[in-house]
Amino acid sequence: MSKTILYNCKLDRQKQAVDIHIEDQVISRIEHHAKTPDDALDCHGKLVTVGLAESHLHLDKACILDRSTIEEGTLDEAVKQTGQAKKEFTEEDVYERAKNVIQMILPHGTTSVRTYVETDSKTELRSLKALQQLQKDVSHQVDIEMVAFAQNGLTTAPKTVKLLQQAFESGIKTIGGCPYKDKDPKAHIDLVFKLAQEYNLSVDFHMDFDLEASNSSIPYMCEVMDRTNFKNKVSIGHVTKLMALKTDRRKDLEKMLADHNVSVCVLPATDLFLNGRDHEKLIPRGVLRATEFDDLDLNAAISRNNILNAFTPYGDGNLLRMTNLYANVSQLSTDDEMRQCFEMITTNAFKILGKTRAIEVGQPADLVLWNTDSIASAVRKLPQALAGWKDGKKTFSNPAPIIY
């Protein structure tokens, strides 16, 4: 039986320090701190939280900025240039780049990742096989969940459908769709749900990624869910179109999503970089203000989307930085709003992944120690992650700097 005790920890909203006891990968006891034994792990009153979750990340096409030449900075250009680069992807190449990203995100406190794997005639199953191997190799550090993703359409790509089916037969549990890149968006949505029902899958769409105040795919998606009585998890990413709609229409669509238990993922870095390029002044932010969803009980998360490619030509793996960026762009300021943002990379993100994580007895001991004393200050100040644990085992140490 393995045992670990984190002494003298600060939990958010609690004045008194606590000791967190871990046995056999789970939190076994939480008690008020009295004294730290000599040579024990003293957290010195610093904040401990659950690990962070990336709920929308593309590991297979990360770190290929050197293979792109960005001139327009548009979505179409990013898709085209990445499509060209994909032809040269090998299993070894995808594995090494994805492993590099895992090594970037781990010391910033991330313990779970949902990643899309492009499964089409350009990559076939090479990226999938690479990430399945990586999933095994880093399981002691980070949980990786894969989404077999049809980036470039389905309705005219029978080979993609066959490759997706092979992915599902290999154990992939979620299908990813992209209606706005298909010649027939409605038929694309139909086919995604057909495959999801056939293989008992969850569904995750890239959806409504523009700032045009028309032709949202949300109503049709919900219509298909009603018609098919679809009960598995559904999530959608980007959804920037909502911010181009008049308030009443936007709220109607948001309520529709809430009524159908659809989760939404906001991707600040990519959405800011690619949207609004056709505006010469008063450039729109193009980032969904999901903090207004609480009244609807609509689940919303924040994630990174891409790192160092034509979709997002920057990134250091710090998910907390995405949360800070989102709070800034959304003009949030109160402590409660900061905590709400933090929930979007923990509680809400884990809901998309079908998990729960909390600092409670019986919960998995996936924890992070931060160089601060509250969640609100963590979002505001981007403190250093000092150490992390996965299933109760330490995965990294990153001591605070000593100033001379």
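# Briefing: strands, salt bridges and surface sites

Asp297 is exposed, with a relative accessible area of 64%. The model described here is predicted. Asp297 belongs to a negative surface patch that also contains Asp294, Asp295 and Glu343. Elsewhere, strand 6 (residues 110-118) has 9 of its 9 residues buried, and a search of the whole structure finds 27 salt bridges.

**Surface patch**

- The negative patch is formed by Asp294, Asp295, Asp297 and Glu343.
- Asp297 is located in the loop that runs between helix 8 (268-274) and strand 12 (300-302).
- Asp297 counts as exposed because its relative accessible area of 64% is over the 50% cut-off for that class.

- Strand 6 spans residues 110-118 and is mostly covered, with 9 of its 9 residues buried.
- Glu118 of strand 6 has Phe149 of strand 7 opposite it.

- Strand 11 (residues 262-266) is largely enclosed by the rest of the structure, because 5 of its 5 residues are buried.
- In a regular strand, side chains alternate between the two faces of the sheet.
- In strand 11, Val262, Val264 and Val266 point one way, whereas Ser263 and Cys265 point the other way.
- The residues on both sides of strand 11 are all buried.
- Strand 10 (residues 234-238) is parallel to strand 11 and is joined to it by 4 bridges.
- Gly237 stands opposite Cys265 of strand 11.

**Salt bridges around Lys86**

- Side chains of opposite charge can pair when their charged atoms come close.
- Glu118 and Lys86 form a salt bridge in which the closest N and O atoms are 2.4 Å apart.
- This pair links distant parts of the chain, since Glu118 is in strand 6 and Lys86 is in helix 1 (residues 75-86), 32 residues apart.
- Glu118 is buried, with a relative accessible area of 2%.
- Lys86 is likewise buried, with a relative accessible area of 2%.
- Lys86 also meets Asp120 in a salt bridge, with an N to O distance of 2.6 Å.

**Other salt bridges**

- Lys159 and Glu124 are joined by a salt bridge of 2.7 Å from N to O.
- Lys159 is in helix 4 and Glu124 is in the loop between strand 6 and helix 3, so that the pair links distant parts of the chain, 35 residues apart.
- Lys159 is partly exposed, at a relative accessible area of 41%.
- Glu124 is partly exposed too, at a relative accessible area of 32%.
- A network of salt bridges links Asp143, Lys355, Arg357, Asp366, Lys390 and Asp391.

**Backbone and loop sites**

- Most residues other than glycine have a negative phi.
- Asp24 is not a glycine, yet has a positive phi of about 50 degrees.
- Asp24 is placed in the loop between strand 2 (18-23) and strand 3 (26-32), and at 41% relative accessibility Asp24 counts as partly exposed.
- Asn200, also not a glycine, has a positive phi of about 55 degrees.
- Asn200 occupies the loop between helix 5 (185-199) and strand 9 (202-207), and at 58% relative accessibility Asn200 counts as exposed.
- Thr155 is in the loop between strand 7 and helix 4 (158-169) and is partly exposed, with a relative accessible area of 33%.
- The C-alpha atoms of Thr155 and Ile189 are separated by 9.6 Å, and the two residues are 34 residues apart along the chain.

Key
Residues are numbered from 1 along each chain as its sequence is written. This is a predicted model: local features need pLDDT of at least 70, side-chain atom pairs count only at pLDDT 80 or more; totals for chains, interfaces and linings use all residues. Side-chain values use heavy atoms; hydrogens and water are left out. Patches are made of residues with over 30% relative accessible area and no salt bridge: like charges are joined within 9 Å, nonpolar side chains (Val, Leu, Ile, Met, Phe, Trp, Tyr) within 5 Å. Accessible areas come from the Shrake-Rupley method with a 1.4 Å probe; for residues, only the protein chains shown count as cover. A salt bridge is a side-chain nitrogen of Lys or Arg within 4 Å of a carboxyl oxygen of Asp or Glu. Lys and Arg count as positive and Asp and Glu as negative; His and the chain ends are not counted. The place of a charge is taken as NZ of Lys, CZ of Arg, CG of Asp or CD of Glu. Helices (H or I, at least four residues) and strands (E, at least two) are DSSP runs, numbered from the N terminus. Buried means under 20% relative accessible area, exposed over 50%, partly exposed in between (1.4 Å probe, protein chains only). Two strands pair if DSSP finds at least two bridges between them.
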